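I want to go from the overall build to single residues and jot things down as I look them up.

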Amino acid sequence: MKVTFITREGEKRAVEAAAGDSLLEVGQRAGMPLEGTCEGQMACSTCHVIIAREWFGRLGDASEEEEDMLDLAADVEATSRLSCQILLSEELDGLEVRIPEGSHNAQGF
């Protein structure tokens, strides 16, 4: 299956993914600036992404804990989610995700 990331610069990058992968893992493998500091424990918002409107309704609802973490994220939009909370399925083949302007991976510093 494929996931398309739109970089901060507006470049589209289609990458291969497998059902069961987390969107965070797929993005990190593709070199997206998704830090994921808490390693998917929902204790940070460094894996914040913006889901394309046409795909947003296909995702399950965000938990209250995820919504709380999104309150701390920069550049939040109506279709914002934490990529660590999205497990890919065949129904999400073709998913389009945008990296927010303020997204930076500081782990390499």
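My entries follow, roughly in the order I looked things up.

**Entry 1: what I have.** I am working on a predicted model, so a pLDDT of at least 70 is needed for local features. Reading along the sequence, I get the pattern β-β-α-β-α-α-β-β. The radius of gyration is 12 Å, close to the 13 Å from the globule rule for 109 residues, so the chain is as compact as a globular protein of that length. I also checked the extent of the C-alpha trace along its principal axes, which is about 30 × 30 × 20 Å.

Entry 2: I looked up how much of the chain is covered: 46% of the 109 residues count as buried. The accessible surface is about 5900 Å², and carbon and sulfur atoms own 46% of that. For contacts with a separation of 6 or more, I find that 65% come from residues 24 or more positions apart.

**Entry 3: the sheet.** In what order do the strands of the open sheet lie? I read off β2-β1-β5-β3-β4, five strands with mixed pairing. The edges are β2 (12-16) and β4 (80-82), each of which pairs on one side only. From one strand to the next, the twist averages 35 degrees.

Then I went through some of the pairings. β1 (residues 2-6) runs antiparallel to β2, and I count 5 bridges there. V3 has V15 in β2 as its bridge partner. The two strands make a hairpin with 5 residues between them, and G10 in the turn has a positive phi of about 90 degrees. I also looked at β3 (residues 48-51) against β5 (residues 95-98), which is antiparallel too, over 2 bridges. In that pairing, I51 stands opposite V97 of β5.

A reminder to myself for reading strands: in a regular one, side chains alternate between the two faces of the sheet.

- E96 with K12: the side chains meet at 3.4 Å, N to O. E96 sits in β5 and K12 in β2, 84 residues apart, so I file this as a link between distant parts of the chain. K12 is exposed, at a relative accessible area of 56%.
- R81 with E66: the closest N and O atoms are 2.8 Å apart. R81 belongs to β4 and E66 to helix α3 (residues 64-70), so the pair ties together parts 15 residues apart in sequence. I checked burial for this pair, and both R81 and E66 are buried.
- E77 with R98: N to O comes to 2.8 Å. E77 is in the loop between α3 and β4 while R98 is in β5, so this pair ties together parts 21 residues apart in sequence. E77 counts as partly exposed at 37% relative accessibility, and R98 also counts as partly exposed, at 31%.

Entry 4: Which residue in the loop between α1 (23-29) and β3 did I flag? That was M42, which has a positive phi of about 60 degrees although it is not a glycine. D75 made my list as well, a non-glycine with a positive phi of about 60 degrees. D75 lies in the loop between α3 and β4. With 38% relative accessibility, D75 counts as partly exposed.

**Entry 5: S83.** Is S83 buried or exposed? I get a relative accessible area of 0%, so S83 is buried. S83 lies in the loop between β4 and β5. Which residues does S83 contact, leaving aside neighbours within four places in sequence? My list reads S22, L23, L24, L34, C47 and V49.

Notes: Residues are numbered from 1 along each chain as its sequence is written. This is a predicted model: local features need pLDDT of at least 70, side-chain atom pairs count only at pLDDT 80 or more; totals for chains, interfaces and linings use all residues. Side-chain values use heavy atoms; hydrogens and water are left out. Two strands pair if DSSP finds at least two bridges between them. Helices (H or I, at least four residues) and strands (E, at least two) are DSSP runs, numbered from the N terminus. Axes are lines fitted to C-alpha atoms, for helices over the stretch in contact, and angles run from 0 to 180 degrees between N-to-C directions. A salt bridge is a side-chain nitrogen of Lys or Arg within 4 Å of a carboxyl oxygen of Asp or Glu. Buried means under 20% relative accessible area, exposed over 50%, partly exposed in between (1.4 Å probe, protein chains only). The radius of gyration is taken over C-alpha atoms; the globule rule is 2.2 Å times the number of residues to the power 0.38. Contact means heavy atoms within 4.5 Å. Accessible areas come from the Shrake-Rupley method with a 1.4 Å probe; for residues, only the protein chains shown count as cover.
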